[in-house]
Amino acid sequence: MINVNADPQEIAKFSELAHRWWDPDGEFRPLHQINPLRLDWIDRLAHLKGKHVLDVGCGGGILADAMARRGAIVLGIDLAAKPLKVAKLHAMEAATASVEYREVAPEHLARELPSHFDVVTCMEMLEHVPDPSSIVQACAQLAKPGGWVFFSTFNRNPKSFLLAIVGAEHVLRLLPKGTHEYARFIKPSELAQWCRDSGLALESTRGMQYNPVTRRYWLSAETSVNYLLACRRPQ
Ligand code: SAH
C-alpha cells in the first residue's frame, strides 16, 4: 500500500469483485444505473468536451470511460490494482481513446500535478477511506483555478441506514452485504465544511432517489440518502 489513507480491507473487497465490474446486472449494477444521471449532471455544469478530467477512485472505470466518450481527456486513478486492470482492458475492448489509468493515491498525485485538471470527480469513494477530508483537500489541489470538483457519497442518518444498508444490502440485495459501513457515511454539512476548508466554493447539490418497484433512479433535491456535490476552485 503506497498511502496510509486507504483501508486495505476496502481495497481487497473491490479487487475481489473486479472481474464483475462491467456486468450491468452484477454487483456493480447500481453504478451502471446511476451513471447516465451523474454523467449528464457533470457534463451540464462542467462541459466535458475537450476538458482534462481526473476521476479519483475510478474502480473499473464506469464513469471515467463515459466521460471520455463525451470528449474529455480522462485520467482514472485508484489504489486497487485489479479494478484498474479491468478498466484498462475495457478501454481497449471498447476502443475508448482518451482515457488512461494509474495506480496512485490522490494525495501523491496532488504533489505531482498540482492545479492540473479542469474537472476532478470523486464518486462513491469517500465513504470507503479512513480520512475523507484528506481526499477532498487533494481533489481541490488537483483542480485548476476555476476548475470543477464533484463528489458523491451517502448521508448519515436513520433513513440512510435503513435504505442504503438494510434495504439495499439485506432486503433488495442491490449491493453485496458489507459494501458500506454506516459510521463512514458523511453528512452534507461535513462534506461542505471539508470543501470550504480546502478553498472550494460550493455550487450545487443533488440527491439520488431510487424506486424499488420500477427499479429506476433519478436526481432530485432530496439529499437524505445518496447525494452529489459540485464545487469550484475560485479563479
Ligand atoms: N468511482 C467509481 C467506483 C466507486 S467504488 C464509480 O463511482 O463508478 C469505490 C472505489 O474507490 C474502489 O475502486 C476502491 O478501490 C477505491 N478506493 C478506496 N479507497 C481508495 C483510496 N484511498 N484511494 C483511491 N481509491 C480508493
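Start by selecting S6 and S7: they form a hairpin with four residues between them, and Arg215 in the turn has a positive phi of about 60°. Strands here (E, at least two residues) and helices (H or I, at least four) are DSSP runs, numbered from the N terminus. This is a predicted model, in which local features need pLDDT of at least 70 and side-chain atom pairs count only at pLDDT 80 or more, while totals for chains, interfaces and linings use all residues. Residues are numbered from 1 along each chain as its sequence is written, and side-chain values use heavy atoms, with hydrogens and water left out.

**The hairpin and its neighbour**

Stay on Arg215, in the loop between S6 and S7. Arg215 is partly exposed, with a relative accessible area of 41%. The classes are buried (under 20% relative accessible area), exposed (over 50%) and partly exposed in between, with a 1.4 Å probe and protein chains only. Most residues other than glycine have a negative phi.

S6 runs antiparallel to S7 (residues 216-220), and five bridges join them; strands pair if DSSP finds at least two bridges between them. Gln209 stands opposite Trp218 in S7. S6 (residues 201-211) also pairs with S8 (residues 226-232), in the antiparallel sense over seven bridges. On that side, pick Leu202, which stands opposite Cys231 in S8.

Go to the loop between H7 and H8 (188-197) and select Arg173. Arg173 is not a glycine, yet its phi is positive, about 55°. Its relative accessibility is 59%, so Arg173 counts as exposed.

Step back into H7 (residues 158-171) for Ser160. Ser160 is buried, with a relative accessible area of 0%. A polar atom of the Ser160 side chain lies 2.7 Å from the backbone oxygen of Asn155. Such a polar contact is a pair of N or O atoms within 3.5 Å; within protein, one must be able to donate a hydrogen and the other to accept it, and residues adjacent in sequence count only if both atoms are side-chain atoms.

**The parallel strands**

Now select S1 (residues 52-56) and S2, which run parallel and are joined by five bridges. Asp55 stands opposite Gly76 in S2. With H3 (residues 62-69), S1 and S2 make a right-handed β-α-β unit. A crossover is right-handed if, with the strands pointing away from the viewer, the path from the first strand over the helix to the second runs clockwise. From S2 the chain crosses through H4 (residues 81-94) to S3, and this β-α-β crossover is right-handed. S2 and S3 (residues 99-103) pair in the parallel sense over five bridges, with Ile77 opposite Arg102 in S3. Of the six residues in S2 (residues 73-78), five are buried.

**The ligand**

- A nitrogen atom of the ligand lies 3.0 Å from a backbone N or O atom of Asn5.
- A polar backbone atom of Met123 is 2.8 Å from a nitrogen atom of the ligand.
- An N or O atom in the side chain of Arg38 is 2.8 Å from an oxygen atom of the ligand.

Taken alone, the ligand exposes 580 Å², of which the protein buries 99%.

Technical notes
Accessible areas come from the Shrake-Rupley method with a 1.4 Å probe; for residues, only the protein chains shown count as cover.
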